[in-house]
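Thanks for coming, everyone. Please have the sequence and the structure open as I talk.

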Amino acid sequence: KYFSSIFRRLGAAIALLPLSAIAWGQTADLQIVKTGPPSANGGGAFTYTLVIDNNGPNAANNASFLDTLPPGVVNVSATCVAATNGASCPASMAVDSTSVSGVVPAFPSLGKVTIQILGNFGVSGPSSLTNTATVSPPAGVTDPMLESNTSSVSTAMNYGADLVVSK
């Protein structure tokens, strides 16, 4: 009877707490892997691919990604080419010559989304370009392994001149 009274009082006290004070935090191990050309010519076309995974254990609906593009790129476009295991492609992406970003609306545990980015390198620039992409969990979800949330690709650039000699 004594313990019954304590449990009733404890239950009443817990019922008065805000849900956020007693809810367990959600975790999701997000990962992004970026691939792209190891070398290229100035003005040439490029394809970068982002593979974004949710390794779980919980969903990360509305996780966001950002790919900061190298300076000087032009004609940039982006497409979601695959969404598997219950994940869904972004409804839209923000695309310009400096970055590509978006939100993965449905991203269950073991979900995967693949984004393809196309464009052209600038006709002049540095001898090496580095492109970095990141994925971030949504509010209320903690990622226990932040080191896998960033991926970079370096491209060695050749800006050779076309020279024609005629006599």
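Start at the hairpin: β6 runs into β7 through 3 residues. Keep in mind that this is a predicted model. Strand β6 covers residues 93-95, and its pairing with β7 is antiparallel, over 3 bridges. Look at V95. Its opposite number in β7 is V100.

Now stay on β7. What does β4 do with β7? The two strands pair in the antiparallel sense, over 6 bridges. And V100 turns up again here: V100 in β7 is the bridge partner of D67. A word of background on pairing. Strands of a sheet pair through backbone hydrogen bonds, and they can do so parallel or antiparallel.

Next, the open sheet. How many strands does the open sheet have? It has 5, in the order β5-β8-β3-β1-β10, and the pairing is mixed. Which strands are at the edges? β5 and β10 are, because each of them pairs on one side only. Take the β10 end. β1 and β10 run parallel, joined by 2 bridges. Find Q26: the bridge partner of Q26 in β10 is V141.

Some background first. Side chains of opposite charge can pair when their charged atoms come close. How many salt bridges are there in the whole structure? A search finds 2.

Buried or exposed? D67 is buried, at 0% relative accessible area. K34 is also counted as buried, at 4% relative accessibility.

The other salt bridge joins K112 and D53, at 3.6 Å from N to O. Where do these two sit? K112 is in strand β8, residues 112-120, and D53 is in strand β3, residues 45-57, so parts 59 residues apart in sequence are tied together. What about burial? K112 is partly exposed, with a relative accessible area of 35%. D53 is buried, with a value of 13%.

On to the nonpolar core. The largest one has 30 residues. Which residues have the most contacts inside it? They are F107, I115, I117 and F121.

Pick I117 and look around it. Set aside its neighbours within four places in sequence. I117 is then in contact with F46, T47, Y48 and L50, among others. Its contacts also include L69, V76, S77 and A78.

Now a loop. Where is S148? It lies between β10 (141-142) and β11. S148 counts as buried, at 18% relative accessibility. Why buried? Because the cut-off is under 20%. Now follow the side chain of S148. A polar atom of that side chain lies 3.0 Å from the backbone oxygen of L30. The side chain also reaches the backbone oxygen of M145, again at 3.0 Å. Leave out residues up to four places away in sequence, and S148 touches D29, L30, Q31 and I32.

Last stop: the cysteines. How many disulfides does the search of the whole structure find? It finds 1. The disulfide joins C80 to C89, with an S to S distance of 2.0 Å. Why is it left-handed? The torsion about the S-S bond of C80 and C89 is about -70°, so the disulfide is left-handed. C80 counts as buried, at 17% relative accessibility. C89 counts as partly exposed, at 30%.

Over to you for questions.

Definitions and conventions: Residues numbered from 1 in each chain as written. Predicted model: local features only at pLDDT ≥ 70, side-chain atom pairs only at ≥ 80, totals over all residues. Heavy atoms only, no water. Salt bridge = Lys/Arg side-chain N within 4 Å of Asp/Glu carboxyl O. Buried < 20%, exposed > 50% of the residue type's maximum accessible area, 1.4 Å probe, protein only. Helix = DSSP H or I, 4+ residues; strand = E, 2+ residues; numbered from the N terminus. Core = buried A, V, L, I, M, F, W, Y, C linked by side-chain atoms within 4.5 Å. Contact = heavy atoms within 4.5 Å. Polar contact = N/O pair within 3.5 Å; in protein donor to acceptor, adjacent residues only side chain to side chain. Pairing = 2+ DSSP bridges. Disulfide = S-S within 2.5 Å.
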